[in-house]
Amino acid sequence: MWPTRPGETVGALRAVVLVALGSALMALSAKVNLPLPYVPMTLQTLVVLMIGAAYGWRLGSATMIAYLAEGAMGLPVFAGPVGGIAPLVGPTAGYLYGFVLAAVVIGWFAERGWDRNVVLLFAAMAVGHVVIFIAGFGWLAYGIGLGADKAWAVGVAPFIAASVVKNALGAALMPAVRRIVDRRG
């Protein structure tokens with residue numbers, strides 16, 4: 001995403017800056033939310049998938065881990081004015097941990113060129129959403145004991161249409177972001 005120059009110090013500084021920017025974007029995307037029972041609808045999944053596509057699997061997952069660590073330390077980075085451990089063990093926990101896995105998956109696809117084609121990127125982002133849904137659904141159904149039917153009704157079904165829209169938006173935006181960065185680099 002950011003042009004690199006030779007030197008280990010520059011590479012480390014680049015990574016720190018990108019992680020900080022990515023975690024700040026995650027915090028901002030959490031604040032754009034529609035409160036729903038159990039799990040709010042946010043822009044976070046779009047940002048997770050775009051970070052994974054832009055950063056690759058290593059830096060993308062490091063960014064998500066940094067974001068979760070910031071929240072665990074009490075910074076109000078999660079949806080609503082929330083920080084601390086509660087979101088990491090409550091109804092949203094599966095989704096939050098799913099962000100790390102989704103960044104790995106989408107980053108892996110991106111490193112293989114899927115971020116350079118809108119159709120492939122849409123498909124990769126769909127896989128990323130499925131990863132997040134599986135983690136969130138599993139936690140709701142079995143981690144907090146809602147059961148499969150209720151977990152599907154409150155944790156997956158309300159988010160499917162929005163996920164398709166986010167995939168389309170992300171797949172359309174990512175090539176434009178790449179063109180801007182490539183022109184500057």
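My entries below cover the pocket lining and then the charged pairs.

**Entry 1: the pocket**

I kept in mind that I was looking at a predicted model. I went to the largest pocket and found a volume of about 350 Å³. I then asked which residues lie nearest its centre. They are Val39, Pro40, Thr42, Gln44 and Tyr95, out of 24 lining residues.

Next I looked up where the lining comes from. Strand S2 (41-42) supplies at least two of the lining residues, and so does each of helices H2 (44-72), H4 (93-111), H5 (118-143) and H7 (160-184). I also sorted the lining by class and got 16 nonpolar, 7 polar and 1 charged residues.

**Entry 2: the salt bridges**

How many salt bridges does the structure hold? I found 2.

I started with arginine 58 and glutamate 111, whose closest N and O atoms are 3.9 Å apart. The arginine sits in helix H2 and the glutamate in helix H4, so this pair ties together parts 53 residues apart in sequence. I checked accessibility too: arginine 58 is exposed at 54% relative accessible area, while glutamate 111 is partly exposed at 39%.

The other pair is arginine 116 with aspartate 115, at 4.0 Å from N to O. Are its two partners buried or exposed? Arginine 116 is exposed, with a relative accessible area of 56%. Aspartate 115 has 3% relative accessibility and counts as buried, because the cut-off for buried is under 20%.

Methods. Residues are numbered from 1 along each chain as its sequence is written. This is a predicted model: local features need pLDDT of at least 70, side-chain atom pairs count only at pLDDT 80 or more; totals for chains, interfaces and linings use all residues. Side-chain values use heavy atoms; hydrogens and water are left out. On a 1 Å grid over the protein atoms alone, a cavity is a set of points where a 1.4 Å probe fits but cannot get out, and a pocket is an open set with protein on both sides within 12 Å along at least five of seven lines; lining residues have an atom within 4 Å of a point. Grid points are joined across faces, edges and corners, and a volume is the space filled by probe spheres set on the points. Helices (H or I, at least four residues) and strands (E, at least two) are DSSP runs, numbered from the N terminus. Ala, Val, Leu, Ile, Met, Phe, Trp, Tyr, Cys and Pro count as nonpolar, Asp, Glu, Lys and Arg as charged, and the others, Gly among them, as polar. A salt bridge is a side-chain nitrogen of Lys or Arg within 4 Å of a carboxyl oxygen of Asp or Glu. Buried means under 20% relative accessible area, exposed over 50%, partly exposed in between (1.4 Å probe, protein chains only).
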